[in-house]
Amino acid sequence: MEKLKILGESARFDASCAPFRERHSAGPVPGVWIAGPCRLLKVLMSNRCMYDCAYCVNRASAPVARASFEPRELAQVFGDMLRANLAEGLFLSSAVEVSPDRTMERMVEALRIIRHELMFKGYVHAKVIPGASSGLIRQLCSLATRVSVNLEVPRDDMLKLLAPQKEARAILGPMGEVASMGEELALRGALKGGHTTQIILGARDETDREVLSVSYALYRRFNLRRVYYSAYVPVNEDPRLPSSPPDRLRELRAYQGDFLIRLYGFTPRDMLGDQDFLERDLDPKTGWALRNYHLFPLDANRASLEELMKVPGIGPKGATAMVRARTKQNLRWEDLPRLGIRSWLPRFFLSFHGRGGIPPLDRPEAIRRLIIESRASSGRLFPGETEMA
């Protein structure tokens with residue numbers, strides 16, 4: 001239990017899903033998180049690290065309690081938690097102890113016991129250790145539902161400054177290897193969840209343009225399933241790092257921008273125009289729509305699925321429902337709530353039977369002001385909007 005307390009706490013900064021879907025379990029056992037619909041045991045194999053990355057709570061020079069699990073010991077702890085219904089899945093990472101290969105060997109052995117001796121068929125997310133050999137990466141991928149290789153920072157100069165013992169090629173190389181074997185492993189029933197990475201926001205002076213451009217390139221080059229974003233949390237005193245509190249709003253905006261890349265076909269240039277940072281007062285899709293207001297209003301009964309998905313307040317499901325419904329009858333504004341679209345923001349960007357806009361709120365500057373004022377007065381997003389709309 002003492003090891004679990006140390007190594008569960010050490011794992012909490014690794015993202016296993018978008019942060020607004022991840023929270024500590026209310027239970028008494030350390031290391032258990034509720035990540036989306038699943039209770040995960042989030043734990044490190046070891047926090048005894050040979051690296052001294054400035055931003056990491058487990059850096060070699062950090063004055064923290066240290067511990068390591070033996071592979072069978074970790075497997076038995078996880079098995080006990082499964083039987084006690086305290087966890088339903090596993091998120092396994094590790095500090096680099098002794099060497100990347102030595103660390104990966106221990107992780108692979110723990111997962112081998114869990115899969116083949118405990119016969120666990122559920123969700124396992126495992127971290128690939130940069131610098132590990134191809135054979136060990138393949139073994140880890142064959143045992144996991146999802147793997148991830150953390151990029152951490154979007155620029156080489158930042159990596160050299162904050163993590164001088166790491167090299168970008170040791171991170172990008174495993175991403176390429178996982179991407180190349182992903183389809184083969186999926187056919188064998190492994191790695192069904194694909195692979196992901198994580199980027200820290202605010203550890204240095206990176207811009208949103210740099211972050212989203214790197215994510216855009218990673219999705220295209222390595223077929224990543226997700227990029228996770230983590231606002232930097234000050235865990236160490238270091239002159240290379242900021243001491244300000246985590247910027248959760250910037251983290252949210254990065255996730256919103258990422259969703260637009262993955263699900264809506266946006267590019268970083270679409271969202272940012274000539275700016276280096278996403279707007280803080282508006283979500284990226286609304287900001288884009290107001291900057292391109294000459295494209296609106298769209299005819300709700302004629303616009304394509306792709307066009308409807310770019311309307312603020314309408315997501316893929318809502319746009320699909322609109323296209324299906326209008327094959328039977330012409331849509332009216334009153335039909336949208338029935339189709340699952342409960343925001344009234346689309347009214348500023350759609351027309352019905354040739355009528356659109358709400359005078360005098362048919363100008364982008366007036367709409368922008370209304371949204372911002374509404375948020376300021378209510379302390380939340382635009383009325384009827386969800387955070388990710």
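Analyst: Happy to! Tyr293 counts as buried, because its relative accessibility is 14% and buried means under 20% relative accessible area, with exposed over 50% and partly exposed in between (1.4 Å probe, protein chains only). One note first: this is a predicted model, in which local features need pLDDT of at least 70, side-chain atom pairs count only at pLDDT 80 or more, and totals for chains, interfaces and linings use all residues. Residues are numbered from 1 along each chain as its sequence is written, and side-chain values use heavy atoms, leaving out hydrogens and water.

User: What makes Phe296 buried?

Analyst: Phe296 has 10% relative accessibility, so Phe296 counts as buried.

User: Why is the pair of Trp333 and Phe352 called edge-to-face?

Analyst: Rings of Phe, Tyr and Trp (its six-membered ring) pair if their centres lie within 6.5 Å; planes under 30 degrees apart count as stacked, over 60 as edge-to-face and the rest as tilted. For Trp333 and Phe352 the centres are 6.2 Å apart and the planes at 75 degrees, so the pair is edge-to-face.

User: Where in the chain do Trp333 and Phe352 sit?

Analyst: Trp333 is in the loop between helix H12 (316-325) and strand E10 (350-352), while Phe352 is in strand E10, 19 residues apart. Helices (H or I, at least four residues) and strands (E, at least two) are DSSP runs, numbered from the N terminus.

User: How do you know that Trp333 is buried?

Analyst: Its relative accessibility is 19%, so Trp333 counts as buried. Phe352 is buried too, because its relative accessible area is 10%.
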